[in-house]
Amino acid sequence: MSSIPAPDAIDVHSHYVPKGWPDLGAGASGADAPPVPAFRLESEREAMIMLGGREFRRIASDCWDAQVRLADMDADGVRAQVVSPTPVFFSYAHEPAQAARIAAILNDLALQICDPAPHRLLPFCQVPLQDADAACRELERSVAAGHLGVEIGNHVGDRDLDDAGIVTFLQHAAWLDVPVFVHPWDMASSPRLDRWMAQWLAGMPAETHLSILAMVLGGVFDRVGPQLRICFAHGGGSFAYWTGRMDNAWRERNDVVGTSEYPPSHYLHRFSVDAVVFDERPLRLLVDTMGAERVMVGSDYPYPLGERPAGGLVRRAAFLDDRSREKILFGNATEFLGSRLRQGALR
Ligand code: CO
C-alpha cells in the first residue's frame with residue numbers, strides 16, 4: 001500500500017476537435033489539393049468529421065466542451081490535461097500558405113475551448129511543418145496567444161524528424177523553451193494494414209519507433225541541445241523494446257548504421273514517452289529502460305483507444321514506489337511543460 005496519497009495527474013496526451021470551423025479548403029490551389037476535414041453536426045452532443053465527402057470519424061461533445069472534459073477529469077483524478085490537435089487536421093500535404101491558415105484557425109479555436117479553465121486545459125498548437133519558416137512563425141504566434149506547447153506529426157510525407165527543415169523547427173522550439181509532443185499519423189496503407197485496426201495497432205507503434213530512430217541515427221540529438229523537451233506518444237511505440245537490437249546493429253553494422261555519435265541506448269535520456277500502454281508489463285519495461293523521470297501519464301482522451309480512467313495504470317502498478325509514481329503522475333509533466341505552466345498556475 002502507498003504510504004502517501006497519489007497526487008492528481010497531469011495528462012500530456014489528449015485531443016480536441018472544435019464544434020465546427022470555417023471552410024478549410026478556401027484558397028486552395030489546384031484541383032488535386034488534398035481533402036480538408038469538414039464538420040457535420042448530428043446533435044448537440046454528436047458530430048461527424050467528414051473527409052473528402054466520406055465519414056471519417058464520429059465524435060462527441062467531449063472533443064469540444066470544456067465542462068464535459070472537466071467533469072471527466074474530476075472523475076479520473078486529473079488536475080490538468082494537455083489538449084492537442086487531432087492529427088487529421090495537420091494538413092502537411094497542403095501548400096504551406098493554406099496549411100498555415102488551417103493551423104491558425106484551429107489553434108485559435110483550441111484557445112477558445114481551453115479558455116474556461118486555463119490552469120487545467122493546456123492547449124498545444126499545430127504548425128505547418130512542411131515549411132520550417134511558416135512553422136516557426138505559427139509556433140511563435142500561438143505561444144504568444146496562450147499555447148503551452150506544440151504537437152507535431154511524426155513525419156511529413158517521406159521526410160522524417162531528421163529532415164533539415166524539421167530539425168530547424170525543433171531547434172526553434174528548444175530556443176523558445178516550448179515542449180514538443182510527437183504523435184504518429186499518416187500510417188502506411190496496404191491490404192495487410194487496412195484490415196481490423198492494424199494501422200493503429202501495428203502501424204502507429206512502428207511509426208513512432210521509426211521516428212525516434214531517425215532522431216538518433218539521423219544525428220538530431222547530436223545536433224540539437226539537451227534543452228529540447230520532446231515526448232513521444234503511446235510509450236514511444238516499439239522503440240524501448242528493441243534498444244538491444246539497435247545497439248547491436250550499431251556496433252556490428254556500423255558501416256551502414258553508425259551515423260550517430262553513440263549507440264541508440266545512449267540517447268534514452270534525451271526524450272520522454274507517455275504511459276498509455278494499458279498493461280503493467282510494458283509500463284515496467286518503459287520505467288526500467290527510460291527511467292521513471294522519462295515517463296508521463298497520457299490518456300489519448302477522449303478517443304476509444306485511450307485509457308479511462310486516465311492514469312489508472314500508473315496508479316495501480318504495484319512495482320512503482322511512491323516517488324516514481326508521483327513523478328509519472330505529475331512531477332515529470334511539470335518539468336516537461338516548463339515555465340509557461342508555472343506562470344499559468346499563478347494567474
Ligand atoms: Co493520440
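P309 lies in the loop between β11 and α10. Helices and strands here are DSSP runs numbered from the N terminus (helices: H or I, at least four residues; strands: E, at least two). Residues are numbered from 1 along each chain as its sequence is written. The model is predicted: local features need pLDDT of at least 70, side-chain atom pairs count only at pLDDT 80 or more, and totals for chains, interfaces and linings use all residues.

The peptide bond between R308 and P309 is cis, with omega about -10 degrees. A cis peptide bond also joins Y301 and P302, with omega about 0 degrees. P302 sits in the loop between β11 (295-296) and α10 (312-316). Most residues other than glycine have a negative phi, and most peptide bonds are trans. W196, which is not a glycine, has a positive phi of about 45 degrees. W196 is placed in the loop between β8 (180-183) and α5 (198-217). Burial is judged by the other C-beta atoms within 10 Å of a residue's own: buried means 20 or more, exposed 12 or fewer, and partly exposed in between, with C-beta atoms placed from the backbone. W196 counts as exposed because it has 9 C-beta neighbours inside 10 Å. F278 is another residue other than glycine with a positive phi, near 70 degrees. The loop between β10 (272-274) and α9 (280-290) holds F278. With 14 other C-beta atoms within 10 Å, F278 is partly exposed.

The protein contains 12 helices and 11 strands. Its C-alpha atoms fill a box of roughly 50 × 50 × 40 Å along the principal axes. The radius of gyration, taken over C-alpha atoms, is compared with a globule rule of 2.2 Å times the number of residues to the power 0.38. For 347 residues, a compact globule would have a value near 20 Å; the protein has 19 Å, which agrees. Of the 347 residues, 43% count as buried. Contacts are pairs of residues whose C-beta atoms, placed from the backbone, lie within 7 Å. Among contacts between residues at least 6 apart in sequence, 73% join residues at least 24 apart.

Two strands are taken to pair if DSSP finds at least two bridges between them. An open sheet of 8 strands has the order β1-β5-β6-β7-β8-β9-β10-β11, with parallel pairing. β1 (9-15) and β11 stand at the edges with a single partner strand each, so one side of each is left without a neighbour in the sheet. Within this sheet, β6 and strand β7 (residues 149-153) run parallel and are joined by 2 bridges. F124 has G149 in β7 as its bridge partner. Angles run from 0 to 180 degrees between N-to-C directions; axes are lines fitted to C-alpha atoms, for helices over the stretch in contact. α1 packs on the sheet and touches β5 and β6, its direction making about 135 degrees with that of β5. Helix α11 (residues 322-337) also packs on the sheet. Its direction makes about 65 degrees with that of β1, and the strands it touches are β1, β6, β7, β9 (230-232), β10 and β11.

A second open sheet has 3 strands in the order β2-β3-β4, with antiparallel pairing. Here β2 (37-41) and β4 (54-60) are the edges, each with a single partner strand, so one side of each is left without a neighbour in the sheet. The twist averages 30 degrees from one strand to the next. β2 is joined to strand β3 (residues 46-51) by 5 bridges, and A38 stands opposite M50 in β3. β3 is joined to β4 by 6 bridges, with A47 opposite I59 in β4. The β3-β4 hairpin has 2 residues between the strands, and G52 takes a positive phi near 60 degrees.

Helix α2 (residues 96-114) has 19 residues. From first C-alpha to last it reaches 26 Å, close to the expected 27 Å (1.5 Å times one less than the number of residues). Its buried residues include I102, L106 and I113. The buried residues of α2 pack against α1 (66-76), β5 (78-84), β6 (121-125) and α3 (132-145).

A nonpolar core is a set of buried Ala, Val, Leu, Ile, Met, Phe, Trp, Tyr and Cys residues joined through C-beta atoms within 7 Å. In the largest such core, of 87 residues, C231, A275 and V297 touch the most other members. α2 gives the most to this core, with 8 residues. Beyond its neighbours within four places in sequence, V297 has contacts that include A9, I10, V12, A275, V314 and I328.

Terms used. Two residues are in contact if their C-beta atoms, placed from the backbone, lie within 7 Å.
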